[in-house]
Amino acid sequence: MPDQGINRRKFLASAATAGGMSLGISLIPSGAQAESSAAGRTRRAAATWENLVEKSSFNSQAAFTQSWNYLYPWADSDTHNGAAQMNAGQISLNQGVLTLKATRLSTSPGLSPHNPHAPLWYRSGAIHAQKKIIVSDKYPEYDIEGEFQTQTGPGIWPAFWTTGMEPTWPPESDILEYVGVNDQGNAVNFFNSWYQPASGDSTYHRSEVPVDDPNARFYKYRVWMYKSGTDVKLDYYFDGDYVDTHTVPGWVNVPQTLIINLQMGAYSSNIEEGDAGWANQRPGPDGDTYFRARNVWFGRTVAG
């Protein structure tokens with residue numbers, strides 16, 4: 001969330017380069033480990049399941065407005081911790097595909113009110129689901145999934161994620177997140193699960209998935225969240241394949257909101273205030289940048 005932004009994203013951008021060291025970062029398990037973990041779970045009973053957002057929610061404007069709201073779900077809802085100011089005019093629907101378009105501006109209208117107060121050099125799009133995610137005894141499982149096609153590169157920061165609202169942040173689950181590129185110029189998707197330890201600052205588990213070209217076609221991103229005693233477990237999947245399971249404390253009974261956004265700016269390229277390029281948010285692309293989504297849905301188990 002906003003007040004944690006500057007330290008959080010600086011580390012996010014640098015950790016991929018560091019090869020996954022520090023802060024509880026999880027490595028992707030071998031195929032045998034993945035199969036064992038996935039096979040050991042008991043699947044939900046179909047009779048207790050309900051969808052909160054249907055895959056058809058991007059099929060029309062009417063369907064969209066029944067499930068989604070424009071912008072972010074907090075005060076100052078058109079900005080967050082990057083260089084893009086969100087606007088509904090940057091969002092379009094066409095044949096079941098949601099498109100978020102980020103446009104480079106000729107002049108900046110000012111600074112974001114959220115840390116790290118980046119100069120706003122882009123107009124882009126964000127939406128959030130109307131229904132909340134609350135892992136609890138009553139709703140012990142959530143399944144969240146979508147297919148996405150996105151440009152990546154320096155200054156490009158697309159995300160498909162869930163988050164609590166301050167003062168109850170974390171939790172946060174990053175299901176799709178490309179924070180620029182690593183030092184080799186490669187795109188890496190971050191599966192992150194943010195939580196608050198009993199003592200100390202917020203931290204997270206991470207699993208990294210290198211993707212040759214996230215814009216080549218639609219890839220499927222998924223998290224299955226489920227209550228496990230007093231903890232919450234998160235099973236992450238990329239393009240239908242199991243990746244890893246994160247176990248986090250402190251998430252039970254805390255409401256979260258599902259967000260799709262295309263954030264922009266130098267901050268996603270590991271540049272901070274005072275660094276060269278900060279004032280004009282460089283490096284960052286000229287013209288338009290696109291992030292597309294389809295077949296996004298989520299639902300939950302309702303306990304009897």
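**Group meeting: a strand on the inside**

Okay, let's start with strand E11, residues 187-195. Nine of its nine residues are buried, so E11 is largely enclosed by the rest of the structure. Before I go on: this is a predicted model, so keep that in mind throughout.

If you look at which way the side chains go, Ala-187, Asn-189, Phe-191, Ser-193 and Tyr-195 point one way from E11. Val-188, Phe-190, Asn-192 and Trp-194 point the other way, and all of these residues, on either side, are buried.

So who sits beside E11? On one hand there's strand E10, residues 172-177, which pairs with E11 in the antiparallel sense over three bridges.

Zooming out a bit, what is the strand order of the open sheet of seven strands? Reading across, it goes E2-E7-E16-E9-E10-E11-E12, with antiparallel pairing. E2, residues 68-70, and E12 stand at the edges with a single partner strand each, so one side of each has no neighbour in the sheet. On average, neighbouring strands here are turned by 20° against each other, ignoring direction. Elsewhere in that order, strand E9 (residues 156-163) and strand E16 (residues 257-264) pair antiparallel over eight bridges, and Ala-159 stands opposite Asn-261 in E16.

Now the core. Which residues touch the most other members of the largest nonpolar core? That core has 66 residues, and the answer is Trp-68, Met-225 and Ile-260. Take Ile-260: leaving aside neighbours within four places in sequence, its contacts include Phe-58, Trp-68, Leu-98, Leu-100, Ala-159, Phe-160, Phe-291 and Val-296. As a general point, nonpolar side chains in soluble globular proteins tend to be buried together.

You'll find Val-97 in strand E5, residues 97-104. Is Val-97 buried or exposed? Its relative accessibility is 18%, and the cut-off for buried is under 20%, so Val-97 counts as buried. Not counting residues up to four places away in sequence, Val-97 touches Phe-58, Ser-92, Phe-218, Arg-292, Ala-293 and Arg-294. And here's a pair for anyone who likes sequence separation: Val-97 and Val-296 are 199 residues apart in sequence, but 9.6 Å apart in space, C-alpha to C-alpha.

On to the rings. The count comes to 19 aromatic pairs. One of them is Phe-58 with Trp-68: the ring centres are 5.6 Å apart and the planes sit at 35°, so that's a tilted pair. Phe-58 is in the loop between strand E1 (49-53) and helix H3 (61-67), Trp-68 is in strand E2, and ten residues separate them. Both of these residues are buried.

Trp-74 and Trp-161 make another tilted pair, at 6.3 Å centre to centre with 55° between the planes.

For the overall picture, the protein has three helices and 17 strands. Buried residues make up 53% of the 304 residues. Among contacts between residues at least 6 apart in sequence, 70% join residues at least 24 apart.

Last thing, confidence. The average pLDDT is 88, and 85% of the residues score at least 70. Residues 1-8 fall below 50, though this stretch has 28 contacts in the model beyond near neighbours in sequence. Residues 13-40 are below 50 as well, and that stretch has 45 such contacts. Where pLDDT is low, the predicted coordinates should not be read in detail.

Key
Residues numbered from 1 in each chain as written. Predicted model: local features only at pLDDT ≥ 70, side-chain atom pairs only at ≥ 80, totals over all residues. Heavy atoms only, no water. Buried < 20%, exposed > 50% of the residue type's maximum accessible area, 1.4 Å probe, protein only. Helix = DSSP H or I, 4+ residues; strand = E, 2+ residues; numbered from the N terminus. Pairing = 2+ DSSP bridges. Core = buried A, V, L, I, M, F, W, Y, C linked by side-chain atoms within 4.5 Å. Contact = heavy atoms within 4.5 Å. pLDDT = per-residue confidence, 0-100. Axes fitted to C-alpha atoms, helices over the stretch in contact; angles between N-to-C directions. Phe/Tyr/Trp six-rings, centres within 6.5 Å; stacked < 30°, edge-to-face > 60°.
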